[in-house]
Structures are given as C-alpha cells and as structure tokens.
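The following report describes the fold, surface and side-chain contacts of one protein chain. Please consult the sequence and the structure alongside the text.

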Amino acid sequence: MTNLILLLVLWLAAGAFAFQPGFVSLPATTLQVTDPTTNIPLQVRLSPFSVGTREVTQAEYMQIMRTNPSVHKGDALPVENVSWWDVVRYCNARSVAEGLQPCYDLRTG
C-alpha cells in the first residue's frame with residue numbers, strides 16, 4: 001500500500017496526468033514490488049484510471065444512488081457511513097451515468 005501511495009505522489013509531482021475537472025487521470029504503468037511478508041518480488045500492472053481530488057459530497061451521492069446514509073447531514077458535506085460495497089456500487093453507477101465502463105466486479109469487489 002505504501003508503494004502505491006508513493007507512486008501516486010510521484011506521478012503527481014512529475015506532472016504525468018491530464019486535467020479533468022475534479023479528477024486526476026493517471027497513466028497505465030507496471031511496478032516491481034516485493035511482498036513485505038514473503039519477500040517475493042511481484043509485478044503489479046495498473047490500468048489507466050482517474051481519481052477524484054476531493055471527497056464525494058452527500059448531494060453527489062444522493063444524485064446517483066437516490067439515498068443518503070450519512071449521519072451528519074448536509075448537501076456539501078462528504079458522504080459517510082458507507083461500506084466498501086456501497087462505494088463499489090456508487091463508482092459503477094457513476095461510471096454508467098457518465099458514459100464510462102464500470103470497473104468493479106460486483107461479485108468480488
């Protein structure tokens with residue numbers, strides 16, 4: 001996980017991304033990492049992807065999911081009280097709404 005965070009920081013610092021409003025697009029890459037438990041070297045391939053530059057607001061979540069699970073209500077507040085599976089479903093539904101291909105397998109997460 002630390003290697004991935006470092007990679008993201010390096011990409012941002014190097015300017016290896018294209019600007020989209022509210023998103024950072026990262027290119028495909030291949031990394032050589034070592035599993036910290038087994039010391040086995042691994043090759044990790046990442047497809048190009050975009051990541052939001054801020055939290056998803058409750059209003060944005062509500063627009064896509066038609067529900068707001070947040071305890072602390074406010075349209076401009078970040079959505080909270082969501083599970084991994086809620087996030088996966090949101091990301092896929094938002095991709096469809098924006099004409100993109102969903103990337104998460106709902107069977108495996």
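## Overall fold

Of the 109 residues in the protein chain, 18% are buried, where buried means under 20% relative accessible area, exposed means over 50%, and partly exposed lies in between (1.4 Å probe, protein chains only). The model is predicted: local features need pLDDT of at least 70, side-chain atom pairs count only at pLDDT 80 or more, and totals for chains, interfaces and linings use all residues. Residues are numbered from 1 along each chain as its sequence is written, and side-chain values use heavy atoms, with hydrogens and water left out.

The protein chain contains three helices and five strands, arranged along the sequence as α-β-β-β-β-β-α-α. Helices (H or I, at least four residues) and strands (E, at least two) are DSSP runs, numbered from the N terminus. Among the contacts with a separation of 6 or more, 27% are between residues 24 or more positions apart; a contact means heavy atoms within 4.5 Å.

## Hairpin and surface

Strand 3 and strand 4 run antiparallel and are joined by six bridges; two strands pair if DSSP finds at least two bridges between them. Thr34 stands opposite Pro41 of strand 4. The two strands form a hairpin with six residues between them, and Asn39 in the turn has a positive phi of about 60°.

Ile40 also belongs to the loop between strand 3 (29-34) and strand 4 (41-46). Its relative accessible area is 45%, so Ile40 is partly exposed. Together with Leu42 and Val44, Ile40 makes a nonpolar surface patch of about 220 Å². Patches are made of residues with over 30% relative accessible area and no salt bridge, like charges being joined within 9 Å and nonpolar side chains (Val, Leu, Ile, Met, Phe, Trp, Tyr) within 5 Å.

The protein chain as a whole exposes about 8,000 Å², of which carbon and sulfur atoms supply 60%. Accessible areas come from the Shrake-Rupley method with a 1.4 Å probe; for residues, only the protein chains shown count as cover.

## Aromatic pairs

Rings of Phe, Tyr and Trp (its six-membered ring) pair if their centres lie within 6.5 Å; planes under 30 degrees apart count as stacked, over 60 as edge-to-face and the rest as tilted. By this rule there are two aromatic pairs. Tyr61 and Tyr90 are stacked, at 5.2 Å centre to centre and 20° between the planes. This pair links distant parts of the chain, since Tyr61 lies in helix 2 (residues 58-65) and Tyr90 in helix 3 (residues 84-97), 29 residues apart. Tyr61 is buried at 4% relative accessibility, and Tyr90 is buried at 6%.

Trp84 and Tyr104 form an edge-to-face pair, with 6.0 Å centre to centre and 90° between the planes. Trp84 belongs to helix 3 and Tyr104 to the segment after helix 3, so the pair ties together parts 20 residues apart in sequence. Trp84 is partly exposed at 48%, as is Tyr104 at 30%.

## Salt bridges

A salt bridge is a side-chain nitrogen of Lys or Arg within 4 Å of a carboxyl oxygen of Asp or Glu. The structure holds four salt bridges, including those tabulated here.

| Asp86 | Arg89 | 3.1 Å |

Arg89 and Asp86 both lie in helix 3, three residues apart, about one turn of the helix. Arg89 is partly exposed at 39% relative accessibility, and Asp86 is partly exposed at 22%. Asp105 is partly exposed at 29%, whereas Arg107 is exposed at 73%.
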